[in-house]
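Thank you all for coming; I would like to walk through one model this morning, starting from the overall layout and ending with two individual residues. Please have the sequence and the structure open while I talk.

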Amino acid sequence: MRDFIQRMYHAIQEGNVELFDDIEEDIKRGNIEVPVLFLSGSEDAVGDFTKGVQAAEKLFEKAGYKDIGYKIFPEMRHDVLHEKNSSDVLDYIRNWIEK
């Protein structure tokens with residue numbers, strides 16, 4: 001999984017279409033019944049200010065994943081679990097899991 005995440009990150013950052021094709025195949029081989037939650041901050045430069053997270057969500061959606069969560073936290077950066085309002089993030093995650 002770590003290799004997958006690293007490849008996806010580099011594909012997003014570099015706009016590497018060929019690498020994105022491989023990532024799509026990796027996602028399709030996954031278990032589409034497993035819930036996936038994407039979290040990011042609106043000020044996340046690593047994720048290109050929400051564009052990377054939106055692209056990742058679309059890839060999983062296109063692959064047929066059934067339960068995809070997506071949340072952008074205003075005025076937060078990349079590591080939303082360590083921002084000053086991280087309790088909001090943890091509450092969101094808890095509620096999403098319990099739904």
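Predicted model: local features only at pLDDT ≥ 70, side-chain atom pairs only at ≥ 80, totals over all residues.

How many helices and strands does the secondary structure of the protein chain come to? The answer is four helices and two strands, where helices (H or I, at least four residues) and strands (E, at least two) are DSSP runs numbered from the N terminus. Residues are numbered from 1 along each chain as its sequence is written, and side-chain values use heavy atoms, with hydrogens and water left out.

Along the sequence, the elements follow the pattern α-α-β-α-β-α. The strands β1 and β2 run parallel and are joined by six bridges, pairing being assigned if DSSP finds at least two bridges between two strands. Within that pairing, F38 stands opposite Y70 in β2. Together with α3, the two strands β1 and β2 make a right-handed β-α-β unit, meaning that, with the strands pointing away from the viewer, the path from the first strand over the helix to the second runs clockwise.

Let me turn to the interior. A nonpolar core here is a set of buried Ala, Val, Leu, Ile, Met, Phe, Trp, Tyr and Cys residues joined through side-chain atoms within 4.5 Å, and buried means under 20% relative accessible area with a 1.4 Å probe, protein chains only. The largest such core has ten residues, among them I23, F38, V53 and Y65. While α2, β1 and α3 each supply at least two residues of this core, its largest share, four residues, comes from α3. A second, separate core of five residues includes M76, V80, V89 and I93.

Finally, two loop residues. T50 is found in the loop between β1 and α3, and it counts as buried because its relative accessible area is 14%. Leaving aside residues up to four places away in sequence, T50 touches G41, S42, D44, Y70 and I72, a contact being heavy atoms within 4.5 Å.

E83 is found in the loop between β2 and α4, and this residue also counts as buried, at 14% relative accessibility.

How values were computed
Buried < 20%, exposed > 50% of the residue type's maximum accessible area, 1.4 Å probe, protein only.
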